[in-house]
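Hi,

Here is the structure I promised to pass on. Have a look at it first, and then read my notes on the helix packing and the sheet below.

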Amino acid sequence: MLSGKASLNSSLPTQLDKVEVRDRGLTQDLAFGTARWQPRLSGLAAKLLQKPFKAADADVEALLLVGLYQLFYSRIPAHAAIGETVGCADKLKKPWAKGLLNAVLRNVQRDGEALLIELEHDPVVRTAHPRWLQKALKAAWPEQWEAICAANNAHPPMILRVNRRHNRRDQYLELLNTAGLQASACTFSQDGIVLAEPCDVRSLPGFAEGWISVQDEAAQLAADLL
C-alpha cells in the first residue's frame with residue numbers, strides 16, 4: 001500500500017487467511033488504522049529518523065508505522081506494542097532493524113505527544129491527509145475542509161442491517177443482548193442496528209445464515225427511498 005501498488009481492500013483478505021481466527025480482528029484494525037493515520041505517522045517517523053528508509057526496506061518502514069499506530073491509537077500496552085513490533089524484525093529476516101525500531105518507539109513512548117505538537121504546523125501531519133487531497137477539499141469546501149478531514153479520521157461505527165425475512169429489528173436486538181453484545185437501533189434506517197463496539201461477524205447470531213449483514217446506515221436508506 002505504501003508503494004501505491006495495491007489497496008488494503010484487495011490485499012488484506014488473502015493475508016488474513018494466514019492469521020489465527022482470534023487475531024483477525026486485531027490484524028484488520030492495525031492495517032486499516034495505520035493506513036488511516038499514515039500521513040501523520042510518516043511525518044513523525046521522518047522527524048525521528050536520521051535518514052529515510054531505502055526502497056528495499058519498505059517492510060521495515062511499514063512495521064514502524066504499525067508500531068507508532070499502536071502507541072498512539074490502540075489500547076495495547078506500550079511495552080507490548082514495542083516488544084511485538086521489534087520482535088517482528090526477525091520475521092522479516094532483518095534483525096539489524098531491531099535496534100532502530102526500539103529506539104524510535106521508545107522515544108515516542110517518552111515524548112510522543114510533544115513531538116506531535118511540534119509538527120502541528122504541517123497540515124499533512126495535523127489532518128492526516130495528503131496534500132493533493134487537502135487541495136481538492138479546500139477547492140470544494142474552503143470553510144469546512146478541516147472538519148471534513150476530522151470526520152474522515154473518525155472510526156466508523158459497525159452497523160448491521162436486519163434481514164426482515166428472518167427477524168424484526170427488536171427481535172434481533174434481543175438476540176444480541178443474549179449474546180452479550182451491546183447495540184441500539186439506528187436513527188433513520190428501520191432495519192439498522194449500531195453496535196457499541198465492533199466485533200468479528202462470526203460472533204453475531206445468525207450471520208452465516210443471512211439473518212443480518214454489515215451495511216452503513218446511509219446505504220440502507222437507498223432501498224427505502226427507491
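This is a predicted model: local features need pLDDT of at least 70, side-chain atom pairs count only at pLDDT 80 or more; totals for chains, interfaces and linings use all residues.

**Helix packing**

Let me begin with helix H3 (residues 38–48) and helix H6 (residues 97–118), which pack at an angle of about 110° with their axes 11 Å apart. That makes H3 roughly perpendicular to H6, and the crossing of the two is right-handed. On the H3 side, the contact is made by Arg40, Leu44, Lys47 and Leu48. H6 brings Val104, Asn107, Val108, Leu115, Leu116 and Glu118 to it. Sorted by class, the contact of H3 with H6 has six nonpolar residues, one polar and three charged.

H6 has another packing partner in helix H5 (residues 78–91), and here the angle is about 160°, with the axes 8 Å apart. That makes H5 roughly antiparallel to H6. As for handedness, the crossing of H5 and H6 is right-handed. If you want to look at the contact itself, pick out Ala78, Ile82, Thr85, Val86, Ala89 and Asp90 in H5. They meet Ala97, Lys98, Leu101, Asn102, Leu105, Arg106 and Gln109 in H6. The residues of this contact divide into seven nonpolar, three polar and three charged.

H5 also packs with helix H4 (residues 58–73): their axes come within 9 Å and cross at roughly 170°. The angle is over 145°, the cut-off for calling a pair roughly antiparallel, so H4 counts as roughly antiparallel to H5. Leu63, Gly67, Gln70 and Leu71 are the H4 residues involved, and they meet Ala78, Ala81, Ile82, Thr85, Cys88 and Ala89 in H5. What is the make-up of the contact of H4 with H5 by class? It has seven nonpolar and three polar residues, and no charged ones.

**Domains**

The protein chain is divided into domain 1 (8–120) and domain 2 (158–224). How far apart are the C-alpha centres of domain 1 and domain 2? They lie 33 Å apart.

**The sheet**

Now for the strands. There is an open sheet of four of them, in the order S2-S3-S1-S4 and with antiparallel pairing. S2 and strand S4 (212–214) are the edge strands, each pairing on one side only. On average, neighbouring strands of this sheet are turned by 30° against each other, ignoring direction.

Going through the pairs in that order, strand S2 (residues 183–185) and S3 pair in the antiparallel sense over three bridges. Ala185 stands opposite Ile193 in S3. S2 and S3 form a hairpin, with six residues between them.

Next, three bridges join strand S1 (residues 159–162) to strand S3 (residues 192–195), and these two run antiparallel. Here you will find Arg161 opposite Gly192 in S3.

S1 and S4 are also antiparallel, again over three bridges, and Val162 stands opposite Ile212 in S4.

Which helix packs on the sheet and touches S1, S2, S3 and S4? That is helix H10 (residues 169–178), whose direction makes about 20° with that of S3. Helix H11 (residues 217–225) lies across S1 and S3, and runs at about 25° to S1.

Best wishes

Terms used: Residues are numbered from 1 along each chain as its sequence is written. Side-chain values use heavy atoms; hydrogens and water are left out. Axes are lines fitted to C-alpha atoms, for helices over the stretch in contact, and angles run from 0 to 180 degrees between N-to-C directions. Helices (H or I, at least four residues) and strands (E, at least two) are DSSP runs, numbered from the N terminus. Angles under 35 degrees count as roughly parallel, over 145 as roughly antiparallel, 65 to 115 as roughly perpendicular and the rest as oblique. A crossing is left-handed if the near helix is turned anticlockwise from the far one by less than a right angle, and right-handed if clockwise. Contact means heavy atoms within 4.5 Å. Ala, Val, Leu, Ile, Met, Phe, Trp, Tyr, Cys and Pro count as nonpolar, Asp, Glu, Lys and Arg as charged, and the others, Gly among them, as polar. Domain bounds come from an automatic or database domain assignment. Two strands pair if DSSP finds at least two bridges between them.
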